Amino acid sequence: MDSRKTVNFDNSAGTYPKPDTVRKSVADAIRTLGGNPGRGGHALSVQAAERIYRVRKAAAQFFGAETENVAFVPNCTYALNMAVKGLMQSGGHIIISGWEHNSVSRPVYALTRRNGVKCSVAEIYPDTQRTVEGIEKLIRSDTLCVCCTAASNVTGRILPYSEIAELCKRRRIAFVCDCAQAAGVLPVRVGNGISFICVPGQKGLYGPAGTGLLVSSGEYALSTIIEGGTGATSGELVQTPQMPEKLESGTLNTAGLVGLGTGIEFVKNRGMANILRHEAELCRRFEQGIERLGAQVYDREMPRVPIVAFNISGFTSEETAAELSRGGFALRGGMHCAALAHESLGTGKRGAVRFSPSVFSTQAQVDALLNFMEQRFGKHTREKSRT
Amino acid sequence: MKNTFFTMSSITYAMKAKEYLNSIGYHCDVRRTPKNTGSGCGYSIVVRDDPDIIAGQLERRNIPYKGIYSY
């Protein structure tokens, strides 16, 4: 199949296509930014450093941080590992939600095995107050951190992250917020209890894959989990103590980060509210269409970022996704690297199919998908409902 | 007036200092620190204005620097 003709409805894994401005800026960076930023005093290095600083400033403004509190990382998983392990390296107690991606649950599990960290998993209820009270009941004298996603990567369900942040602020506990699905559609900012924001570059910020951000409020210092060359304090064996270089060992992905900066500008110019409105409208249209086919839609009544998780009766999620792929539509079936979330959703065995549009998705594309689904699944589900 | 080097703790702070000083009307460049100040691989900002005024501006904006050298 010609992948260029595939319609991408798996934008939660990575937005595609990218804005023209992003594509051009990456190409331009590869062509013109030949120096290693922060690794010399020659013109090429300083030029690259100045460009990287502009990206850092754009990210800092976008997430309400000081420039030096924005660390560039390869992806959101790295950001989450660096935040959680950086806080919990010496043990203690951490609370995570039952809706976490493996990028949270696996490092936390590893910490429990290797570092003696204790972990509690908080239930998330439709009622915000009940959720927050549940988390507060789990807080112990050695609780150092709450880590939770702002929005589920499985169903899009928005967790009460602002209220959880307020709780953490009141109880003086660090709050690590996984914004993998929220950044670019919800106005998340550090401060007011949000200690760290972890973000992928390639999703809602429309940057290239291989980029990500760990944004800090500056209230908590992280121990490092990776050390090495930072371009600063090079005569000393001890890791550079200053942010952000402390967390940025090794050469940065200059071209990718330039693309990320351009992606952030794209989102700012379009407006997050406009992007959210467009994508949510496409989700509503899709949801109504598949419900006519008898599909089961998950978390339908919950506040969500633009994601629709569903299953078609009589098909596994992987079978449905494979069939849609044959028709030229990219949707993701299975577990979405989020075993804990699927367990909470009751789809631990079956998984689900995920539909996630981008700002470039169109109503015509959604209708084409629905027509294809009607052809392939409509008859089957109608027969199934008669038997 | 002579060049004054403010040695900075990182390239990020050097860039931040440059941007801030430029924004309030002071000319400033980022350069490699010209002598070994003990930790190696340092960046400085170079200014031609009164170093006391520049130091005060940096402190006002909470931009740390490590030392001041005139050449």
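The following dialogue explains how to read several features of a predicted two-chain model.

Q: Which helices and strands does chain A have, and how many?
A: Helices (H or I, at least four residues) and strands (E, at least two) are DSSP runs, numbered from the N terminus. Chain A has eleven helices and twelve strands. Its radius of gyration, taken over C-alpha atoms, is 22 Å, close to the 21 Å of the globule rule (2.2 Å times the number of residues to the power 0.38) for 387 residues, so chain A is as compact as a globular protein of that length.

Q: How many of the residues of chain A count as buried?
A: A residue is buried if 20 or more other C-beta atoms lie within 10 Å of its own, exposed if 12 or fewer, and partly exposed in between, with C-beta atoms placed from the backbone. Of the 387 residues of chain A, 53% are buried.

Q: Where do the buried residues of α8(A) fall, seen down its axis?
A: An α-helix has 3.6 residues a turn, so residues three or four places apart point the same way. In α8(A), the buried residues are E279(A), L282(A), C283(A), F286(A) and I290(A). They fall within an arc of 105° (that of the directions from the helix axis to the C-beta atoms), so they line one face of the helix. The face turned away from that side carries the exposed residues A273(A), N274(A) and Q288(A).

Q: Which strands are joined to β3(B)?
A: Two strands pair if DSSP finds at least two bridges between them. Strand β1 (residues 4-8) of chain B is joined to β3(B) by five bridges and runs antiparallel to it; T4(B) stands opposite V47(B). Strand β2 (residues 28-32) of chain B is also joined to β3(B) by five bridges, again antiparallel, with D29(B) opposite V46(B). Four of the five residues of β3(B), residues 43-47, are buried.

Q: How many residues of chain B are in contact with chain A?
A: Two residues are in contact if their C-beta atoms, placed from the backbone, lie within 7 Å. In this model, 15 residues of chain B are in contact with 19 residues of chain A. The largest share of that side of chain B, five residues, comes from α1(B).

Key: Residues are numbered from 1 along each chain as its sequence is written. Chains are lettered from A and ligands numbered from 1 in the order in which they are written. This is a predicted model: local features need pLDDT of at least 70, side-chain atom pairs count only at pLDDT 80 or more; totals for chains, interfaces and linings use all residues.
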